Amino acid sequence: MTDLLAWLSGIALVFGCFFFVAGTLGLLRFPDVYSRLHAVTKADTLGLGLVVLGLSLRAESWHAIAIMFAVWLLVMASSTTACQLLARYQREQDRNPEQEDDDALP
Amino acid sequence: MLSLELLFDITLSVLLLILAGTALHVRHLYTGIVLFVAFGLLLAITWARLGAPDLALAEAAIGAGLTGVLLLAALARIGPEPPPRRPPARALSAGVLGVLVLILLIRAVLPLEQGPQPLPGLVSAHLDTSGVSHPVTAVLLNFRAWDTLLELVVLLLAVLGVRQLQPAGYKQAHAWTLLRAWSRILAPLSVIIAGYLLWRGSHAPGGAFQAGALLAAGIVLLRLAGLLPVLRWDDWPMRALVLMGIVVFLGIAAAGAWLGSGWLNYPPQWSGNLILLIEVAATLSIAASLSLLVIGEREELGT
């Protein structure tokens, strides 16, 4: 039983790391803001979710699992909100590009 | 297993050096600030690895979070960047200063090589009389309370200095419904966690600065979403909040000097409650000061 749990946890951790690496690659290589946001939020939600799942299978107590789950929920909600805000900002920039913009990346 | 940990530590150290170097020498200030925030987060992990969770919390909340926000706000105000120029005299003086600081740091670190130091033993010997059970809090608010008091004064001076500069505002995008909804959930959470950190500070890592920074984050979020009115130094409740920490701290110190055993010497039977009182007042003051620093007097936000 413990062997099975350890295997399952290892698989989840490896998949989680895969999503983080894929998200980072996407952030670096994708052409525009929208697809980069897609890649990065995918890493945040799926990658962190799988890592939390993997660690939960090894956790000593329900308390630790609950804390990790809460962290995952908070990160997921924050990154979704931040993604929406960035994407909307970019869309407004696309619509009226002549507007002056001090904050944008040079 | 040890080699894995060593590998992690070496990676961390190398990444820290790379981030520090690039943050200083990158061409665009914006990239430099982003790298500086990343540097602060990695530094927080480093403190945690070194077994100093107090410093890790403070570094993550204040070093990376708050300083990053302040730097970004300053960058938005200065407009187009001037072309970077580095006269050789400045580079030379920076180098000399760096070497001097390095010598000071090495002098501070070298004694650790020669076995255990007397200070930790002294602190744990007097921990019972300090009124708290966490050694870091005992040092910060009892044995070396002068330092903490002066830190609060430094923060007040920073708020006053920013007020003197009267920074111009910048245009702020309309606050979206999603941000409002999420900040309505997040702000109460920040209040709860700040209260938890403050309460925990007496027996575990945590304390006034970390709790104040978290509270300020909640206030800034609500203000950015347009859910709070403009924060002004001219409103007397705001001034009272900002000054409260120093006033309470000085009041307790003066009362000790006048009636008790001396300046900042608490009577042992009350010291726990006095430290809690100071911490609560300091947390509220720090939260008010930090929020004023970031979003004070800015009417154009969240319209």
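**Entry 1: B:Ala145**

I note here that the model is predicted.

Next I looked up the element that holds this residue. B:Ala145 is found in helix H8 of chain B, which covers residues 145–165.

I then took a distance from there. How far apart are the C-alpha atoms of B:Ala145 and B:Leu224? I read 35 Å, for two residues that sit 79 positions apart along the chain.

**Entry 2: helices and strands**

Which elements make up chain B? I counted 12 helices and 0 strands. Read along the sequence, the pattern is α-α-α-α-α-α-α-α-α-α-α-α.

**Entry 3: domains**

I checked the domain assignment of chain B. Domain 1 runs over 8–81, domain 2 over 84–114 and domain 3 over 133–303. I also looked up the spacing of two of these domains. The C-alpha centres of domain 1 and domain 2 of chain B lie 19 Å apart.

**Entry 4: the whole chain**

What radius of gyration does chain B have? I found 22 Å. A compact globule of 303 residues would have a value near 19 Å, so the two agree. Along its principal axes, the C-alpha trace of chain B spans about 55 × 50 × 45 Å.

I looked at burial across the chain too. Of the 303 residues of chain B, 30% count as buried.

Last, I turned to contacts. I took those in chain B with a separation of 6 or more. Residues 24 or more positions apart account for 72% of these contacts.

Conventions: Residues are numbered from 1 along each chain as its sequence is written. Chains are lettered from A and ligands numbered from 1 in the order in which they are written. This is a predicted model: local features need pLDDT of at least 70, side-chain atom pairs count only at pLDDT 80 or more; totals for chains, interfaces and linings use all residues. Helices (H or I, at least four residues) and strands (E, at least two) are DSSP runs, numbered from the N terminus. The radius of gyration is taken over C-alpha atoms; the globule rule is 2.2 Å times the number of residues to the power 0.38. A residue is buried if 20 or more other C-beta atoms lie within 10 Å of its own, exposed if 12 or fewer, and partly exposed in between; C-beta atoms are placed from the backbone. Two residues are in contact if their C-beta atoms, placed from the backbone, lie within 7 Å. Domain bounds come from an automatic or database domain assignment.
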